[in-house]
Amino acid sequence: MKDINEVQKYRDGVRGQRQETGSKNNKDKIKKRVQNSGPRNIKDAANILGIPQKEYTPSVQEAFASIFHDIESGRRDLEISQNKLDVLERKNDRHIILPVFSSNFIYKNLAKISKRARQSDDLSTLVLVRSLSVEEVLLDYGPLASQNYLIEISKLINKLAPKSSFVGYLDHGCFAIICNIMTTDQVKPVTERIVSKICSSNLFWEGRSLPVKLSWGLCAIEAGMEPNSVCLAAMHNLIPN
């Protein structure tokens, strides 16, 4: 009878010490649980616990129905929580203002690519494109102009970057482009064209032309490199356009 007592204890104690006996409403709920629980599943569980057939009474069946109900409720709650986490993670992957990925997304993918490089000869490349005039725009025209300036730069980089790449924003006017399965030799002429086209673009704020000055740098994403190390190496290689 020990197993039956354990089942009974679970039923009476797990769900906030609420009693399931005595009231007609509670008895009706238990009956519904029994009806909605698969008899075969309940019987299988009883067999696994070694409960003899003669001791498999209606009260034991009710207890198992309660347990199965709690498990199913927990599974649904877990699924809802996981969906919420997925939504939050997707939001965290995007920059809060600019139409590009966040720095969190960039660092996360740098780590993945570095790990993948241990198992493959295919190298990817990180490109940093830094605006040298964003602070000038901020001081001369204000924060709204500076924000609009970065949004327009973001749009241009998104349009010009390779289709398989990820574009993100790190900080202080610095954009990151992860070029998947492209070597530095392949990426260099592409980056030169991107930077040249952006620098020749006409950006305006309230009818006034904004300065567009950029620098850029590359770094191969090699096996075992930490995301910060990749970014620092690309930053070290920055050259003005």
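Analyst: C231 is buried, with a relative accessible area of 7%. It counts as buried because that value falls under the 20% cut-off. The model is predicted, so read every value here as computed from predicted coordinates.

C231 is in none, and the nearest cysteine sulfur, that of C174, is 7.8 Å away. A disulfide would need the two sulfur atoms within 2.5 Å. C179 is buried too, at a relative accessible area of 3%.

Strand β3 covers residues 174-179. Five strands form an open sheet in the order β2-β3-β1-β6-β7, and the pairing is antiparallel. β2 (166-171) and β7 (239-240) are the edge strands; each has a single partner, so one side of each lacks a neighbour in the sheet. At the β7 end, β6 (residues 214-221) pairs with β7 in the antiparallel sense over two bridges. W216 has I239 of β7 as its bridge partner.

Now the helices on the sheet. Helix α5 (residues 103-116) lies across β1 (124-131), β2, β3 and β6. Its direction runs at about 120 degrees to β2. α7 also packs on the sheet, where it touches β1, β2 and β3. The direction of α7 makes about 15 degrees with that of β3.

α7 has helix partners as well. Two packed helices are described by the angle between their axes and the distance between the axes. Take α6 (residues 134-141) and α7 (residues 143-160): they pack at an angle of about 150 degrees, with axes 7 Å apart. This crossing is right-handed. On the α6 side, V134, V137, L138 and Y141 make the contact; on the α7 side, P143, A145, S146, Y149 and L150 do. Eight of the contact residues are nonpolar, one is polar and none is charged.

Next, α7 against α8 (residues 184-199). Their axes come within 10 Å and cross at roughly 140 degrees. This crossing is right-handed. From α7, I153, L156, I157 and L160 meet I194, K197 and I198 of α8. By class, this contact has six nonpolar residues, no polar ones and one charged.

Two loop residues deserve a check of their backbone. Most residues other than glycine have a negative phi. I181 has a positive phi of about 50 degrees, although it is not a glycine. It sits in the loop between β3 and α8. I181 is partly exposed, with a relative accessible area of 44%. E206 is another non-glycine residue with a positive phi, near 50 degrees. It lies in the loop between β4 (203-205) and β5 (208-210). E206 counts as exposed because its relative accessibility of 62% is over 50%.

Follow β3 into the five-stranded sheet. Then pick up α7, which touches β1, β2 and β3, and go on to its contacts with α6 and α8.

Conventions: Residues are numbered from 1 along each chain as its sequence is written. This is a predicted model: local features need pLDDT of at least 70, side-chain atom pairs count only at pLDDT 80 or more; totals for chains, interfaces and linings use all residues. Side-chain values use heavy atoms; hydrogens and water are left out. Axes are lines fitted to C-alpha atoms, for helices over the stretch in contact, and angles run from 0 to 180 degrees between N-to-C directions. Helices (H or I, at least four residues) and strands (E, at least two) are DSSP runs, numbered from the N terminus. A crossing is left-handed if the near helix is turned anticlockwise from the far one by less than a right angle, and right-handed if clockwise. Contact means heavy atoms within 4.5 Å. Ala, Val, Leu, Ile, Met, Phe, Trp, Tyr, Cys and Pro count as nonpolar, Asp, Glu, Lys and Arg as charged, and the others, Gly among them, as polar. Two strands pair if DSSP finds at least two bridges between them. Buried means under 20% relative accessible area, exposed over 50%, partly exposed in between (1.4 Å probe, protein chains only).
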